[in-house]
Amino acid sequence: GPAFRKLWGNVKSLEPLHPYPNPRSTYPVSVEQNNGFIYAKISGSFEKIRNSIVDLVAISRLLNATLVIPEIQESARSKGISSNFKSFSYLYNEDQFIAALANDVTIVKSLPPILREARRRKEYQIFKPKSSASLRFYSSEVLPRLKKAKVIGLILTDGGCLQSALPSSMVEYQRLRCRVSFHALQFRPEIEALGKLMVERLRASGQSYLAYHPGLKRDALAYHGCAEIFQDVHTELIQYRRAQMIKQGIISEELNVDSHARKRNGSCPLMPEEVGLLLRAMGYPPRTRIFLSGSETFGGQRVMIPLRAMYTNLVDRTSLCSKTELANLVGPETPLIPDPDQLLPVKSSNQLKSEWDKSGPRPRPLPPPPDRPIYRHEKEGWYGWVAEKDKEPEPSLNDQREQAHRLLWDALDYIVSVDAEVFFPGFDNDGSGPDFASLVMGHRLYEMASARTFRPNRKYLAELFNTTVDHLYYPPRNWTFAVREHLNKSLAEEGLLKESNLSKTKFFLSHPIPECSCSTVKATDIVHSGKNNNLHLLFEGQDECPKWMQQLRTQEANADEVDSQEDETDLNGQSESEGYNGTDAIPSLEQDEEMDPDD
């Protein structure tokens with residue numbers, strides 16, 4: 001009914017937008033006689049790896065080179081992952097990747113034997129491009145060396161290797177990026193199957209669900225100086241990472257900054273408690289199913305307590321999947337030698353008796369107590385070193401394996417988040433590079449632009465929270481209306497235009513329209529319809545969809561309209577049979593059950 005569509009229904013003004021990444025101009029098929037081979041090693045988080053692969057394909061097309069399946073460092077065999085997978089196939093389907101891009105780029109699984117030997121002897125040039133590398137860099141520096149040596153290597157650690165914004169004459173390269181990210185990069189079958197199973201379990205009994213990504217990552221928090229919004233050891237951990245970034249030249253600011261001022265400026269994430277209050281203001285009931293995505297939530301379960309108190313149906317992959325299912329996804333792995341510092345000290349009975357016998361005559365004065373060891377159960381996760389040392393230790397083999405596992409967990413969360421009826425990001429477009437939430441939002445915008453994807457303005461919401469800081473759980477009505485107005489606008493064309501201005505120049509996949517989409521409505525028709533100016537600006541650069549696509553969409557729309565009319569008829573018949581009248585109607589979402597004393 002209307003109340004359901006108000007919370008879960010599609011955004012009507014964006015329904016004419018549909019995915020259309022096919023080439024639309026002269027775009028010759030790739031040929032085998034090219035300039036050479038490109039071999040790459042990629043490292044980083046899930047979103048950085050995905051964006052790097054997308055840029056690699058675009059570079060290979062630009063340089064007319066053959067791309068060798070890139071190696072993902074986090075899932076290399078040296079990390080002790082299952083022998084069932086190679087580096088790339090740990091996440092993605094290699095055969096699907098090669099076949100989907102056959103008309104765009106020639107892709108092979110390995111270098112020819114002669115070039116493989118040259119690689120081992122390090123005879124070819126290796127480049128380390130940044131994510132903002134320009135077209136001139138590749139045409140003037142990389143291409144001559146590629147033609148000479150017939151092979152070059154790239155090491156990608158920055159989440160990409162090509163600038164996001166390209167000139168209008170290279171729009172086909174942007175569409176190639178879309179074909180890679182949204183079609184060619186398919187997860188391996190085991191990940192796809194388990195991800196779809198998680199979606200089915202969330203939608204059991206015909207219920208809808210909301211996906212929420214907190215965006216609480218240590219690197220992003222350190223980059224923006226958000227240490228003081230946490231407490232105790234977490235503040236120390238963020239500051240330590242920020243000092244590392246300053247030393248590496250990633251940040252050119254001071255170590256100590258005013259985190260609360262950054263929070264008011266919108267540079268820090270929305271905390272889970274704030275997201276819960278926003279969802280309550282929007283009218284989502286307490287039994288709403290919320291999926292918590294993201295392999296890392298800095299602060300642990302402690303920061304999730306307020307949100308879990310408001311929404312008890314808060315689940316993640318560990319509550320949707322059994323340990324066996326997750327273990328089967330990882331595959332058989334070689335056991336690692338446990339860290340001796342984390343083992344509980346166990347003494348045999350003979351050792352205890354020997355110590356007792358050597359202890360001397362009794363009674364005797366008690367010796368001073370020794371330094372008590374910090375046992376494994378007393379350490380909170382991976383940051384137990386703070387209590388023992390001043391310097392963060394190098395990651396152990398167990399830590400490196402855990403990083404590989406995080407890629408799998410992010411892949412599962414990515415599938416569930418893209419398929420969700422509603423998606424709410426806690427931290428996106430933060431400027432520190434590709435982020436998980438922006439990648440999901442871009443995929444949802446491409447796949448179904450009308451799906452409900454919130455794009456909150458954190459600076460505006462921080463001002464709203466400051467106005468009612470003493471009455472957060474019982475805010476006045478005008479505050480609730482302001483929240484609803486802002487979030488509803490963020491769903492539609494106004495939120496998309498702001499997103500385009502903020503993120504597209506930094507991360508193309510977060511906003512892949514109008515390059516990779518088409519419209520079933522002409523821009524001139526929108527102008528003559530008298531609708532708002534934002535909608536006209538949004539559809540201004542859109543190409544018209546092919547006729548076959550328009551006919552297909554029309555048939556689907558007619559079927560949906562018939563279903564909605566049947567639902568309304570059933571609701572009307574039910575209300576008449578039960579004898580409802582105007583005085584007994586359930587109060588709307590705009591009405592409070594009790595009068596707010598502060599209203």
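These legends describe close-up views of a predicted model. Residues are numbered from 1 along each chain as its sequence is written, and side-chain values use heavy atoms, with hydrogens and water left out. In this predicted model, local features need pLDDT of at least 70 and side-chain atom pairs count only at pLDDT 80 or more, while totals for chains, interfaces and linings use all residues.

**View 1. Five strands in an open parallel sheet.**
The sheet holds 5 strands in the order E10-E9-E8-E11-E12. Their pairing is parallel. Strands (E, at least two residues) and helices (H or I, at least four) are DSSP runs, numbered from the N terminus. Two strands pair if DSSP finds at least two bridges between them. Strands E10 (314–315) and E12 (452–453) stand at the edges. Each has a single partner strand, so one side of each is left without a neighbour in the sheet.

**View 2. Strand E11 beside strand E12.**
Strand E11 covers residues 422–425. E11 and E12 pair in the parallel sense over 2 bridges. Look for Val422: its bridge partner in E12 is Arg452.

**View 3. Helix H17 across the sheet.**
Helix H17 spans residues 436–447. H17 lies across strands E8 (209–213), E11 and E12. H17 runs at about 150° to E11. Axes here are lines fitted to C-alpha atoms, for helices over the stretch in contact (heavy atoms within 4.5 Å). Angles run from 0 to 180 degrees between N-to-C directions.

**View 4. Three strands in a mixed sheet.**
This open sheet has 3 strands in the order E1-E13-E14, with mixed pairing. Strands E1 (17–19) and E14 (543–544) stand at the edges. Each has a single partner strand, so one side of each lacks a neighbour in the sheet. E1 and E13 pair in the antiparallel sense over 3 bridges. Pro19 has Ser517 as its bridge partner in E13.

**View 5. A cis peptide bond at Pro514.**
The peptide bond from Ile513 to Pro514 is cis. Its omega is near 10°. Pro514 lies in the loop between helix H20 (493–503) and strand E13 (517–519).

Asn64 has phi near 50°, a positive value in a residue other than glycine. Asn64 lies in the loop between helix H2 (46–62) and strand E3 (66–68). Asn64 is partly exposed, at 32% relative accessibility. Phi of Ser205 is near 65°, also positive in a residue other than glycine. Ser205 lies in the loop between helix H7 (189–202) and E8. Ser205 is exposed, with a relative accessible area of 70%. Exposed means over 50%, buried under 20%, and partly exposed in between (1.4 Å probe, protein chains only).
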